[in-house]
Amino acid sequence: MKPPVDGRLSREIAGRDGLAAETRAVRSFAERFGGEPTLVVHAPGRVNLLGEHTDYNEGFVLPMALHLGAWIALRPRADDRVVLRSLDFGEEQAFELSRLHRGQGWIEYVKGTAWALQEAGASLRGWDGVVTGEVPIGAGLASSAALEVAAARAFAAAADLPWQPVTAARLAQRAENEWVGVQCGIMDQLVIAAGREGHALLIDCRHLTTRPIPLPPATVVAVLDTSTRRDLVDSTYNARRARCEEATRRCGVRSLRDLGLSELEQRAGALTDEQLRLARHVVTENARTLAAAEAMTAGDAAAMGALMDASHRSLRDDFGVSSPALDAIVAAAQQAPGCFGARMTGAGLAGCAVALVEESASAAFAAETEQAYGARSGLPATVHLSSPCGGADVKAVG
């Protein structure tokens, strides 16, 4: 795994006891279960550079896997029981693979993944494990998808099943859609399962094809945490998705991906004002995402930044998922040294923004963005600097 750009990220995610997440998971496993784990799984979080709310509309997205991630230290069992201790929630949960029942809390992402794998015909095996995460929950960095894909990797490794990233991503998405109840698209799970070192992934969410896209030379990605949070299950995420689906039906197309802006305008009379704004964002965001992939491939950081700025305006004004905190941190970032462009990222309403930054100015950028955001909002901010990492992996211990 490629290290962070500088020391900021590694210091921020080291945990209260000063230990890296993997080390904490391994040590806690030995304390709880006795002896060393036999396997350690890592699944990254993700930050989306461009293409927001386009994935469930069969469009295009441009995410990258993020060094912040989820870790599971585990040891297979001889039965079908899964016993999992969460360091972040300070509790232990257990379930049997042959008797899965819906409940509440973080364990549902693991149970749901097991359910989806078994529904697809996988023969699973139980395991003991300790899980910890570095991805802030509710921050728009795919903490739930990181846990789902980490669980899928753990189940595959414990049962000695082949790892198929696209298949695993589909099943992890099904777990979140049908078990947890959030109607997310495929983006998060796919980039977490199939991320590529040093590259973002241009994902076609209809065909699930991917193309690695390099960052422009001498740039880094800054994740801008507003310290505000939201819960997708309780937010308006599902409602907006339903309105997009209704707009699609009224436009008479398979998905909003199939419309250009002029075609959408021709169908405007069939839509409510809100449906038109939502659809306009999706249509223009697809175009921006494809243009961004070309700009990044050409090494044009300025063009990429302009597209990010335009995306934020569209998410704020048309899709309605920004917030005062997100607007404040984006404005602070856009005025900081070395910033090419910035936008909110994730489902919205709270959480994080993302910026493309000149690497040589990244320390000054981080310091000035944090200071300016605090002055604007009265809230603390944390800037994480990172480059793209690879997808979920597993290694043997000892």
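Predicted model: local features only at pLDDT ≥ 70, side-chain atom pairs only at ≥ 80, totals over all residues.
**Entry one: Ala 21**

I began with Ala 21. I found this residue in helix α2, which covers residues 21–33. Is Ala 21 buried or exposed? I noted a relative accessible area of 1%, so Ala 21 is buried. Next I looked up its contacts, skipping neighbours within four places in sequence. Ala 21 touches Trp 71, Thr 132 and Glu 134.

How many disulfides does the structure hold? I counted zero. A disulfide needs the sulfur atoms within 2.5 Å. From the side of Cys 251, the closest cysteine sulfur is that of Cys 244, again at 11 Å. I checked burial too. Cys 244 is buried at 1% relative accessible area, and Cys 251 is buried at 6%.

I turned to α3 (residues 107–119) and α4 (residues 143–158). Their axes lie 9 Å apart, at an angle of about 50 degrees. The two helices are therefore oblique to each other. I recorded the crossing as right-handed. Which residues make the contact? From α3 come Tyr 109, Val 110, Thr 113, Ala 114 and Leu 117. From α4 come Ser 144, Leu 147, Glu 148, Ala 151, Ala 152 and Phe 155. I sorted the residues of this contact into eight nonpolar, two polar and one charged.

How values were computed
Residues numbered from 1 in each chain as written. Heavy atoms only, no water. Helix = DSSP H or I, 4+ residues; strand = E, 2+ residues; numbered from the N terminus. Buried < 20%, exposed > 50% of the residue type's maximum accessible area, 1.4 Å probe, protein only. Contact = heavy atoms within 4.5 Å. Axes fitted to C-alpha atoms, helices over the stretch in contact; angles between N-to-C directions. Parallel < 35°, antiparallel > 145°, perpendicular 65-115°, else oblique. Left-handed = near helix turned anticlockwise from the far one by under 90°. Nonpolar A, V, L, I, M, F, W, Y, C, P; charged D, E, K, R; others polar.
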